[in-house]
Structures are given as C-alpha cells and as structure tokens.
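Here is a friendly briefing to read alongside the model. Please have your viewer open, and we will go through it topic by topic.

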Amino acid sequence: MDSSTLIESFADFAKTKNVDRPTMIRILEDVFRTMIRKKFEFDDNFEVIINAEKGDLEIWRYREIVDDNSEDIWDYDKISLEEARKIEPDFEIGEQVAESVGLEDFGRRAVMTARQTLMQRIKDLEKDILYQKYKDLVGDVVTAEVYQVLGREVILQDHEGNELSLPKSEQIAKDRFRKGDTVRAIISKVDTNNGTPKIIVSRISPEFLERLFEQEVPEIYDGLISIKNIVREPGERAKVAVESYDDRIDPVGACVGMKGSRIHSIVRELRNENIDVINYTENKDLYIARSLSPAKIVRTEINEEESRVSVFLKPDQVSLAIGKGGYNIRLAGQLVGYEIDVFRDIEEGEEEDILLTEFKDEIDEWIIEELNKVGLDTAKSVIDLSMEELIRRTDLEEETIAEIVKVIHNEFE
C-alpha cells in the first residue's frame with residue numbers, strides 16, 4: 001500500500017466521522033512518527049510533511065556530518081563523512097544531510113499496522129467527541145427516535161445516529177414505545193464503559209418537567225417567571241411553584257395558558273400526569289395552604305424544630321388533601337419542606353362525620369357507590385344502622401358489610 005492510498009482512505013474515513021482537517025493531520029503525523037520511532041528509535045531529527053487533499057506524504061531525515069573517527073559518529077542525528085559521500089560526493093564535515101524516507105522503507109507489516117492504528121484513533125476520537133458533546137448537554141431536552149425496545153431499556157437514536165439509552169427506571173410507568181416512535185427526554189448523565197460513552201436520558205426527573213415548561217411558556221424562557229420548585233410522582237401528579245418578576249404577569253395563568261393550551265401539551269407528553277401550578281410565596285402558612293390544593297384549609301400549626309406542620313381541614317376536605325394514593329399530601333410535603341399531618345377540624349358541639357369517599361383506599365369504589373345509591377354517603381350514616389338493615393337496604397353480603405363497619409370503626413377510634 002503506497003502513501004497516497006493510505007492517506008486518502010484515512011481522509012475519506014475521517015470525513016465521514018466529521019473530523020476537522022487540523023485534527024486529521026495531527027493524527028496522521030502522530031501515527032507516522034510512531035512508525036519512525038519503532039524503526040529508528042528517535043524521531044526528533046525527522047520532518048513529516050502531509051498533504052491530506054492530494055494524499056502526499058514526505059518524510060525527511062536530517063543528520064549532521066562528522067569525521068569518520070569522531071566519537072559522535074554513533075549518535076542518532078550524526079552521520080560519518082564516508083556514509084554521507086555515498087549520498088552526495090561533495091558533502092563536507094559540519095554540513096547537514098537530508099534523506100527522504102519512503103513508506104516502503106518501513107516494511108509492509110508496519111504500514112498495515114499504521115493503517116489499523118489510524119482507523120482506531122479516529123474511532124477513539126469519535127467516542128471522545130460524542131462524550132464531550134453530550135457531557136455539555138446534560139440537563140437539556142433531546143428528541144430522538146426509538147431504535148430498539150429491550151427489556152431493561154429503550155435504545156434511541158438522535159438525528160446524527162448516536163445511540164441514547166432510556167432505562168426502564170427512567171421511564172414513566174405508562175410509557176409504551178414502539179420502533180420508530182419519537183421520544184422527548186432530558187439528558188441526565190453520560191457514563192463511559194471501556195472507553196465507550198453511554199448517554200442516559202430520563203423522562204421522570206423534575207428537571208425534565210422544568211425544561212418542558214421552559215419550552216411551552218415564553219415568560220419562563222425569558223426569565224419573567226421563575227420556577228421555584230418542582231416535585232413529581234411521574235405519570236401521576238406533579239406540583240410546580242412559580243413566581244413572577246413582573247407584577248403585570250399572573251405566573252399561574254401564564255403557565256396554564258388560555259383554556260389550558262400550554263399545560264395540556266405538557267400533560268400529554270407526561271402521559272396525563274396531573275400538574276398543579278401554584279403561586280410561590282414567602283408566607284409559609286399560605287404556601288402550605290396552596291400546596292395542598294385543591295383542598296381548602298382551615299388553619300395550620302407549624303413546628304419548625306421537627307419540620308412538621310399540622311393542617312386542619314373540614315371533614316369533607318380531608319380526602320382532597322390526601323389525594324388518590326396519597327400523592328397530593330406527599331408531594332405537598334416535598335414542595336414546602338415539611339412533614340404534613342392532617343387533622344379534621346370539628347367545631348364545638350359539632351359531631352364528627354366522614355364522607356365514605358375518604359375510605360376509597362380501603363373500600364372498593366363500587367361498594368361506596370352501592371351505599372350512596374341508598375342514601376348512605378357518610379361513615380355515621382352507615383354505622384348508625386344495624387347489620388340486618390344494611391344487608392336489607394344494600395343487598396351486599398354480610399361478610400362485606402362487616403368489613404365496611406370494621407374499617408369505619410377503626411377510623412373513629
């Protein structure tokens with residue numbers, strides 16, 4: 001293989017990998033200098049000239065002429081007068097000899113090794129470029145196409161054909177992907193495995209929701225509205241506290257958009273995740289009250305030492321404060337930074353009662369509906385009746401009625 005074929009094939013390969021010309025020349029020179037050191041031990045008295053466009057390579061070896069009996073005759077950058085005159089008869093002591101070294105002088109095996117080294121250097125460089133590129137993009141949203149759906153991860157490809165990994169643990173529970181689907185996610189981290197970069201993306205991080213708001217709400221992108229905090233239960237519920245730096249802008253209204261136009265696209269992207277947008281305030285009592293929306297709070301008692309807050313609500317507001325699966329109260333606590341304890345606020349002389357809908361985590365909804373059909377919509381309306389009367393009215397089995405009464409009694413106790 002001659003030098004032009006080697007350099008041209010390398011240059012073509014480098015261009016397909018988007019390697020710039022100065023880097024390509026540097027790699028070529030490094031590889032050829034490695035060949036020189038293997039054959040001649042030293043390379044600092046060699047000059048390597050490369051023209052990548054034409055495929056030209058020139059290697060020149062420079063040595064100083066010394067007397068045949070000089071002690072320096074064995075130095076790598078010296079040549080005896082006798083040897084020099086074999087190259088050019090009129091050379092004299094002290095002059096410099098420049099010899100052209102051809103690729104064939106290194107041997108076929110060395111040239112083949114150089115070719116393999118060149119290709120490997122480009123692949124390594126490509127990996128490094130990919131790592132540096134995505135390391136700087138951590139925290140940004142990327143749009144990619146589903147390339148392969150595996151058990152533990154989904155492999156995506158960006159517009160340049162780079163592979164991204166969306167692990168199962170970083171997917172929303174309701175996510176279902178097929179080959180060819182377009183997916184949006186946030187770049188969460190870039191790892192390396194044996195020198196190969198692995199780009200991890202996520203759809204469950206709060207930062208992903210924040211980036212989606214920045215894309216959908218110009219006022220956030222422009223800095224007129226600030227997102228103070230975001231907490232999520234991916235695919236289920238999220239709470240976003242926002243603050244406006246312009247008194248003329250309603251931050252909640254801007255985030256929701258006219259008829260919900262802005263927030264609806266975000267909700268669809270997150271598989272119908274229920275998103276509460278609330279006004280941030282330094283007033284802790286008000287902030288806590290807003291965080292438990294849509295429940296209406298009577299009062300709060302904050303214990304700063306234990307980072308706990310007792311929240312008092314009317315009985316019919318308790319289930320709203322807790323929310324389905326307890327998501328609402330759990331996220332509210334994360335948002336405000338307090339452990340929230342919920343209490344029913346019963347006025348003096350008022351007998352406490354609880355709506356049956358508050359028991360939906362313990363009593364099946366269809367059973368509650370059956371009770372509601374016969375006018376039994378609160379806990380006391382149920383336990384005030386005898387077992388026989390309950391069975392007669394509802395047509396439910398005795399075992400089921402007994403379990404319902406037990407659950408209600410436990411709550412009152």
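How are H10 and H11 oriented to each other: roughly parallel or roughly perpendicular? H10 and H11 are roughly perpendicular to each other, a label for angles of 65 to 115 degrees, whereas under 35 counts as roughly parallel, over 145 as roughly antiparallel and the rest as oblique. This is a predicted model, in which local features need pLDDT of at least 70 and side-chain atom pairs count only at pLDDT 80 or more, while totals for chains, interfaces and linings use all residues. Residues are numbered from 1 along each chain as its sequence is written, and side-chain values use heavy atoms, with hydrogens and water left out.

**The H10 and H11 pair**

- Helix H10 covers residues 315-322 and helix H11 covers residues 327-336; they pack at an angle of about 70°, and their axes are 5 Å apart.
- Axes here are lines fitted to C-alpha atoms, for helices over the stretch in contact, with angles running from 0 to 180 degrees between N-to-C directions.
- Helices (H or I, at least four residues) and strands (E, at least two) are DSSP runs, numbered from the N terminus.
- On the H10 side the contact is made by Leu320, Ala321 and Ile322, and on the H11 side by Tyr327, Asn328 and Ile329; contact means heavy atoms within 4.5 Å.
- By type, the residues of this contact divide into 5 nonpolar, 1 polar and no charged. Ala, Val, Leu, Ile, Met, Phe, Trp, Tyr, Cys and Pro count as nonpolar, Asp, Glu, Lys and Arg as charged, and the others, Gly among them, as polar.

**Nonpolar cores**

- The largest nonpolar core has 28 residues, and Met24, Leu28, Phe32, Ile50, Leu57 and Leu103 have the most contacts inside it.
- Such a core is a set of buried Ala, Val, Leu, Ile, Met, Phe, Trp, Tyr and Cys residues joined through side-chain atoms within 4.5 Å. Buried means under 20% relative accessible area, exposed over 50% and partly exposed in between, using a 1.4 Å probe and protein chains only.
- At least two residues of this core come from each of helix H1 (3-16), helix H2 (21-40), strand S1 (46-51), strand S2 (56-66) and helix H4 (108-135).
- H2 supplies the largest share of this core, with 8 residues.
- Methionine 24 is in contact with Phe10, Ala11, Ala14, Val19 and Ala52, leaving aside its neighbours within four places in sequence.
- There is also a second, separate core of 23 residues, which includes Phe208, Ala238, Ala254 and Val277.

**Glutamine 171, a buried loop residue**

- Glutamine 171 sits in the loop between strand S7 (163-167) and strand S8 (182-193), and is buried at a relative accessible area of 11%.
- A polar atom of the glutamine 171 side chain lies 3.1 Å from the backbone oxygen of leucine 166.
- Leaving aside neighbours within four places in sequence, glutamine 171 is in contact with Glu153, Val154, Leu166, Phe177 and Ile204.

**Tyrosine 131 on H4**

- Tyrosine 131 lies in helix H4 and counts as partly exposed at 24% relative accessibility.
- Tyrosine 131 touches Val190, Thr192 and Pro197, not counting residues up to four places away in sequence.
- Between tyrosine 131 and proline 197 there are 5.6 Å in space, C-alpha to C-alpha, although they are 66 residues apart in sequence.

**Backbone geometry in loops**

- The serine 293 to proline 294 peptide bond is cis, with omega near 15°. Proline 294 belongs to the loop between helix H9 (284-291) and strand S13 (297-303).
- Asparagine 194 is not a glycine, yet has a positive phi of about 55°. This asparagine 194 lies in the loop between S8 and strand S9 (196-202) and counts as exposed at 76% relative accessibility.
- Arginine 271, also not a glycine, has a positive phi of about 60°. Arginine 271 is placed in the loop between helix H8 (261-269) and strand S12 (274-279), and is partly exposed with a relative accessible area of 27%.

**Separations across the model**

- Lysine 86 is in helix H3 (residues 81-87) and is exposed, with a relative accessible area of 59%. Lysine 86 and arginine 178 are 73 Å apart in space, C-alpha to C-alpha, and 92 residues apart in sequence.
- Asparagine 51 is in strand S1, and its C-alpha atom is separated by 63 Å from that of tyrosine 280, 229 residues apart along the chain.

Conventions:
A polar contact is a pair of N or O atoms within 3.5 Å; within protein, one must be able to donate a hydrogen and the other to accept it, and residues adjacent in sequence count only if both atoms are side-chain atoms.
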